[in-house]
Amino acid sequence: MSALLSLPVFVLCGLSALLVGCGRRIAPRLVDLAVVSGALYAGVVAAQFLVGTAPAGALGSLVGIAASLALLRIRHGGLARPGRSLGVLLSPYAVLLAGILLSRVALSSADLGAAETLLTSPALWLAVANLYALVAVLPGEHRAVAAAALTQWWPVTATTLLFFYLGTTLTASGMSSALADAAAHLGPVYPLAAPWIGAVGGFLTGSNSGGNAMFAAGQAETAESIHRSATVMVAVQNVSGSLLTMASLPRVALAEKLAEAPEPAPRPSATAGQSSKKSADDHRPSVLRTVLLTGFLVLTVLSLTCFVVS
């Protein structure tokens, strides 16, 4: 259901990217937007039904990438050959996908209980892919890279675990039921608010898992109390929460940090004595503003969709 509800996300986020990249001169690219977002959506939905939920987003993205490459080939008559370095950099991603898919195929007829859950878990193969990257892709820098990764990892992990604990506490103590009963007073209009509730969780935690831990159980209970589809409501929670994780401040800060390197040349109009940090700070509001405006637009469409579909 999350896959089926993701079309507004693909189309409107793509439109936002076009506006950022091309300004107002996007009319010639609207056909490209339709082709690529449509291919991405078809790929994600097809992968969901063919191979399951875990790798659906990754495999579906390959279809969108293929559509983009096809458009480039049509417009420019050919594509530059990727160098060996690109293949090396993409190899950890190949290890991740291969591990998820092959483990599911190999263990599809086995009944190993908890061991099967572990061996087919994307989390396990993500760890394997990271270890592969440290050993094979960055052999001379693995200590420095591992230290930097751990520095970024522990605050996110601690926050996610705390929100898991919060969500479990809300459910076990009956507070989720109480919140659901209160929300049920909105009656038939509650589905209009459901995506915004999910978005708050994604924005606050920066993690789709954390946002779902906070609000998914309450969304399901509210849906049942107003006689709406709990599956649709939790799917909308999942989609809207993952959408607004991109607006969480740690992610925006990371995006800005990446955007600042390499440092752009100073503008001719820049006054003497201005620091590069000030130039970077001037750029920061536009990043968050663009992400929030995009999220607001998508959430509005998701609200109407949830109201109709649920």
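Ser16 lies in helix 1. In this predicted model, Ser16 has a relative accessibility of 13% and therefore counts as buried, the cut-off being under 20%. Beyond its neighbours within four places in sequence, Ser16 is in contact with Thr290 and Thr294.

Helix 1, residues 7-22, also holds Phe10. A search of the whole structure finds two aromatic pairs. In one of the aromatic pairs, the ring centres of Phe10 and Tyr41 are 6.5 Å apart. The ring planes of Phe10 and Tyr41 stand at 65°, so this pair is edge-to-face; planes over 60 degrees apart fall in that class. Tyr41 belongs to helix 2, residues 30-51. The pair therefore ties together parts that are 31 residues apart in sequence. Phe10 and Tyr41 are both buried.

Two packed helices are described by the angle between their axes and the distance between the axes. Helix 10 spans residues 208-225, and helix 11 spans residues 230-244. Their axes come within 8 Å and cross at roughly 155°. Helix 10 is therefore roughly antiparallel to helix 11, since angles over 145 degrees count as such. The crossing of helix 10 with helix 11 is right-handed.

On the helix 10 side, the contact involves Asn208, Gly211, Asn212, Phe215, Ala216, Gln219, Ala220, Ala223 and Glu224. These residues meet Ala230, Met233, Val234, Gln237, Asn238, Gly241 and Ser242 in helix 11. By class, the contact of helix 10 with helix 11 has eight polar residues, seven nonpolar and one charged.

Conventions: Residues are numbered from 1 along each chain as its sequence is written. This is a predicted model: local features need pLDDT of at least 70, side-chain atom pairs count only at pLDDT 80 or more; totals for chains, interfaces and linings use all residues. Side-chain values use heavy atoms; hydrogens and water are left out. Axes are lines fitted to C-alpha atoms, for helices over the stretch in contact, and angles run from 0 to 180 degrees between N-to-C directions. Helices (H or I, at least four residues) and strands (E, at least two) are DSSP runs, numbered from the N terminus. Angles under 35 degrees count as roughly parallel, over 145 as roughly antiparallel, 65 to 115 as roughly perpendicular and the rest as oblique. A crossing is left-handed if the near helix is turned anticlockwise from the far one by less than a right angle, and right-handed if clockwise. Contact means heavy atoms within 4.5 Å. Ala, Val, Leu, Ile, Met, Phe, Trp, Tyr, Cys and Pro count as nonpolar, Asp, Glu, Lys and Arg as charged, and the others, Gly among them, as polar. Rings of Phe, Tyr and Trp (its six-membered ring) pair if their centres lie within 6.5 Å; planes under 30 degrees apart count as stacked, over 60 as edge-to-face and the rest as tilted. Buried means under 20% relative accessible area, exposed over 50%, partly exposed in between (1.4 Å probe, protein chains only).
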